[in-house]
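Please find below a short briefing on selected features of a protein model.

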Amino acid sequence: MTGKRSALFVSVCVLPFFLTEGKVARAAAAAADDGAQAPASVSARQARLSASTSALSGHSGGVIEDITVSGNTRIETNTVLSYMVVRPGDSFSQEDLNRSLKTLYATGLFKDVSMRREGGILHVRLVENPIVNRIVFEGNHAAKDEDLRKVIALRPRAVYSAETTADDRQKILDVYAQKARYAAVVTPQIVRLAHNRVDVVFQINEGPQTLIRKISFVGNKAYSEARLAGVVSSKETAWYRFFSSSDEYNPDRLKYDAELLRRFYLANGYVDFDVKNATGELSPDRKSFYVTFTMNEGIRYRLGKVDIRSSLRHVPAKSLRKYVELFAHQWYDGKAVQDNATDMEEILQAQGHPFAMVRPEIARNPEKHTVNLLFDVSEGPRRYIERIDVNGNTVTQDNVIRRQLPFAEGDPYTPSYKKYAKQSLEDLGFFKSVSLDENQGSAQDRTNVSVNVTEKPTGEFSLGGGYSTDVGVLGNIGLKQHNLLGSGVDAGLSGTMSMWQKQADFSVTDPAFLSRNMVAGIDLFGIENKYQTYQNYSESRYGLTLRMGYAYNRYLSQSWSYTLMRRNVGNTWDESSWYVLDNKGATTLSQLSTNLVYDTRDNHMVPHSGYMVSVGGDFAGIGGNSRYVRGKVNGAYYIPLDDLTNSHEWTVALRAGMGYMTDWGDGKKSIIDNFYLGGNNLRGFLDGGAGPRSIGYYGHASEDLIGGRFMYTASAQLNFPIPFLSDMGVKGRAFVDSGSVAGLRVQRNIINPYTNKQDVSGNTLRPRVSAGAGFSWKSPFGLLNIDLGVPVMRSHNDRTQLLRFGFGQQF
């Protein structure tokens, strides 16, 4: 019987080894061990169940006078009896005895159950399953212990089950399959301990990654395999993809790739396109996969007639024609059609029609290869929010989540609200995952919304280092909490030290000050800059800034700030220009600022589409030594090139800005308040290197950059992926920058006694222009930025900087 049980257990690939306290007994010893010590498989259990049932057959009749239970050590006798169908006083019914036997087995508490009748007494003999003492994983490197524990069902102090162990083995293999390790081998082992306890050890041989060797396309005529290979996210393995997982085989990714192909063809007019099959075939050596997409392209369609039908009250169809962005005879683009419908729907909802629905309908004409498009505008079902439930927020307070939602209880509920609510909560950065579920309310037109979140750590301690052309070798330390006590308040303390700069900051920001649509914060700072590499003075700044801002709507916002700052210009020398010497010493700045921003960008960190316009101003003179008014206008427009490149990684970025300042009263005209051009706002030129500068002469020979009161900039940049390096996180860019700064703003005009002319050059609005290219690499060691800018137009004595780079890492 023991040998049979062992053979059956091997048949389900569990292959247990039985270990005494700390010592391994080999498989041969396990086969010769007592049957009660071996975990039973499903087949073995069924065999014993059949044997026990056969043993009871033929014993029907008579009354059960008593039931005795033996073999149970942990489970009380009363508990065992409660699981059984028969009771003392019942008749010996074959059917009831069989049901009792099956019920005891079904509890999962017992390895073996047998029943025997002696006269009027029913004897029940049990062999309990052992208790799991601990679960150990050995040999795993690609998957962490905590990740594997999340997927298995076995738990310490739970009853051991061979069936559960076999299921857990498969779940672990599934984890490795998701990591493209299809050659992984998982062998469960048990270590027998005293008091009927066991340690469960999953011995893992991870094996090599199973990568994609070849991707093939069948049925494609309009596009080559190379073109389609650029559409799908799965990639063939190559040496330069060591930082990427795109060459790892994943069945879920294949489904996503099939959808990418469908979107690609639909965006190019192939309305009837269909992916018949997407398969991955494992090579005989289990080391690689061969992926094949089988498709039917169909014919390509152009747009025929484009029309609108409206049944929405007080909204005639002709009033909506101005929102149609498509035109006849262009190639049909499914994405553009859906985007146009969504835009129209959101416009209508913003205009007071919260339940407006816009559904595009198409009618194919295969003979003419055209598609007629109709936008059907109607009122959808009326639904109102009855209740909002917030789940999963173990740290973040309910009100922090609710204030991010674009709706409240009693408001109309639309699909667009759901989309923006999810995006708004994700933008907080407090949660690993965010989902919104809808449930039927107390009436047909009532909806309950469940907001489900999973918290993530929001505290941050960072140590960092790097190099920048601005400040040289640098190091920094920071301590931040982005969700202080779950209130949504952001607080941080940081410090930076480099060869040419020292800085310390403390900031606190409340994104919902006084529980209103208002952001408020305070910054305390201290900065020391040594400009001796390209200037003949150093500068220190110490002070505070009070900030406040609010949003008028999803796109329009305004901010206000007040800054009180003590500045000092020092470390001058005798050869410094008079313009620098006139600024030597300490000044106090008291400044009120505001900025109005209209921002439709899809992503504020890495924009791909949309635009941004900001208008701001500074008023200095509420006390202090400086008195001026400064105005600034900036704009940026991002053009996605998805339609031309069929890639989301190509973008044209157009930026422009202008600023002007004028003085009032008798304040001190500090050159440190002036506009400066060069560096980040004009690549190819040194920081502040383009614009007015002093002309050295005997006694004051140094040329110092002194800035100006008027500046304009313009830039065009193309962001693009770099072939073979995109998977490594490398992005390229090509740019043309231009701009100028002029308008002398100094404490006094200096006349050179030798030339009897003003001691300044470069004071002209003639544009400076540079062109170049660069790249960014999100490397495992930090973010690396390199730009090569070549001045195309410059003024005499402008200071240039061909190569500009920065590198740093938080760890």
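The points that follow are grouped by topic.

This is a predicted model, in which local features need pLDDT of at least 70 and side-chain atom pairs count only at pLDDT 80 or more, while totals for chains, interfaces and linings use all residues. Residues are numbered from 1 along each chain as its sequence is written, and side-chain values use heavy atoms, with hydrogens and water left out.

**Sheet and helix**
- An open sheet of mixed pairing is formed by three strands in the order β12-β14-β13; strands are DSSP runs of E of at least two residues, and helices are runs of H or I of at least four.
- Because β12 (302-310) and β13 (356-365) stand at the edges with a single partner strand each, one side of each has no neighbour in the sheet.
- From one strand to the next, the twist averages 20°, with axes fitted to C-alpha atoms (for helices over the stretch in contact) and angles running from 0 to 180 degrees between N-to-C directions.
- Strands β13 and β14 (residues 370-379) run antiparallel and are joined by ten bridges; pairing requires at least two DSSP bridges between two strands.
- A363 has N372 in β14 as its bridge partner.
- Helix α10 (residues 334-350) packs on the sheet and touches β12, β13 and β14, its direction making about 155° with that of β13.

**Residue Q481**
- Q481 lies in strand β19 (residues 472-484).
- With 23% relative accessibility, Q481 is partly exposed, a class between buried (under 20% relative accessible area) and exposed (over 50%), using a 1.4 Å probe and protein chains only.
- Beyond its neighbours within four places in sequence, Q481 contacts T458, G459, V489, D490 and A491, where contact means heavy atoms within 4.5 Å.
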